[in-house]
Amino acid sequence: MSSLAAARADNFYYPPEWTPNQGSLNKFHGQHALRERARKLDQGILIIRFEMPYNIWCGGCNSMIAKGVRFNAEKKQVGNYYSTKIWSFSMKAACCKQEIVIQTDPKNCQYVIISGAQQKTEDFDIEDAETFALPAEEEKGMLADPFYRLEHQEEDLQKKKEAEPVLVRLQRISDDRHSDDYALNKALRAKLRSQKKRVAEEEAASRRMGLHIRLLPAAEEDTATASRMKFSAKFDRNRKDKRALINASSIFPGSSGTSKKALELESKRRKISAAAASSLVAGRVKPSSWSQDSVSSSRHSGSAVKVRRF
């Protein structure tokens with residue numbers, strides 16, 4: 001941001017037509033210092049950001065508005081409690097545009113809902129919440145009595161003795177955990193180094209497999225499931241047939257051996273040769289008969305060749 005833009009953003013920019021006798025910049029521009037927040041200032045209303053002090057139920061749609069939700073509220077004075085002003089805050093709910101009016105209560109030091117909503121009642125058991133009950137107004141007056149104070153002082157001391165073992169144990173556990181900062185830091189760094197090393201090994205393994213994601217560590221259950229997986233024999237058979245067709249095809253494009261019929265014949269020849277070899281190994285066919293068949297077939301082929309020659 002340039003210096004001129006920064007000056008304008010901070011409202012410190014004085015235009016050339018401004019003169020000191022014209023007053024402040026707000027008076028020169030004809031606007032209030034609070035801009036849009038002061039558009040109803042003539043009615044005694046100032047626009048502010050109001051934060052909900054507790055959980056409430058909306059009176060229009062019965063939705064809960066949580067504590068801490070902020071609204072643009074109209075702030076105005078509606079009275080006095082002695083010398084303390086009583087302020088009223090009017091706002092509209094975002095859920096149903098219901099108008100909610102809340103006032104301050106200086107006497108009880110709290111906020112009071114006037115209209116448009118209802119405070120959410122949240123009761124809890126003191127023992128379950130492990131908190132202390134605040135003394136009532138009557139008890140506060142009785143604390144000025146020395147005998148009453150002495151009586152309750154003995155009860156408080158008894159409660160302290162009963163809770164002391166628990167507190168001592170918790171303190172001992174906390175001291176043991178945080179006694180040696182160096183050891184804790186060392187253990188944490190060692191754990192982080194081992195984790196980084198494991199992640200690097202998993203990424204390297206995934207890159208070797210050609211994957212772009214990091215695989216999870218191997219588990220015994222995954223290994224057992226993979227060992228039980230069996231693929232169908234049809235897949236293997238189709239793969240072998242395709243491989244046989246590829247091996248039988250010519251590497252030169254446009255040759256006569258690349259036709260579909262030639263590929264099929266070559267694959268059938270390879271299957272027959274493989275079947276004959278497997279039968280020979282199994283002992284179902286004698287080697288002599290197999291050789292005689294091959295010799296006779298070669299003679300027939302030779303005679304056929306000779307015929308072709310003549």
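Helix α6 runs over residues 181–208, and its 28 residues stretch 41 Å from the first C-alpha to the last, close to the 40 Å expected at 1.5 Å a residue (the expected span being 1.5 Å times one less than the number of residues). Helices here are DSSP runs of H or I with at least four residues, strands are runs of E with at least two, and both are numbered from the N terminus. The model is a predicted one, in which local features need pLDDT of at least 70 and side-chain atom pairs count only at pLDDT 80 or more, while totals for chains, interfaces and linings use all residues. Residues are numbered from 1 along each chain as its sequence is written, and side-chain values use heavy atoms, with hydrogens and water left out.

Both ends of α6 have something to look at. At its start, a side-chain oxygen of D180 comes to within 3.3 Å of the backbone nitrogen of Y182. Just past the helix, G210 adopts a positive phi of about 80 degrees.

Of its 310 residues, 12% are buried (under 20% relative accessible area, with exposed meaning over 50% and partly exposed in between; 1.4 Å probe, protein chains only). Among contacts with a separation of 6 or more, 27% come from residues 24 or more positions apart, a contact being heavy atoms within 4.5 Å.

Then there is the sheet. Five strands make up an open, antiparallel arrangement in the order β1-β4-β5-β6-β7, where two strands pair if DSSP finds at least two bridges between them. β1 (46–51) and β7 (110–115) sit at the edges with a single partner strand each, so one side of each has no neighbour in the sheet. From one strand to the next the twist averages 40 degrees (axes are lines fitted to C-alpha atoms, and angles run from 0 to 180 degrees between N-to-C directions). Within the sheet, β5 (residues 84–92) and β6 (residues 99–105) pair in the antiparallel sense over five bridges; S88 has Q103 of β6 as its bridge partner.

K97, in the loop between β5 and β6, has a positive phi near 60 degrees and is exposed, at 61% relative accessible area. C109, in the loop between β6 and β7, has a positive phi near 55 degrees and is likewise exposed, at 69%.

Terms used: Polar contact = N/O pair within 3.5 Å; in protein donor to acceptor, adjacent residues only side chain to side chain.
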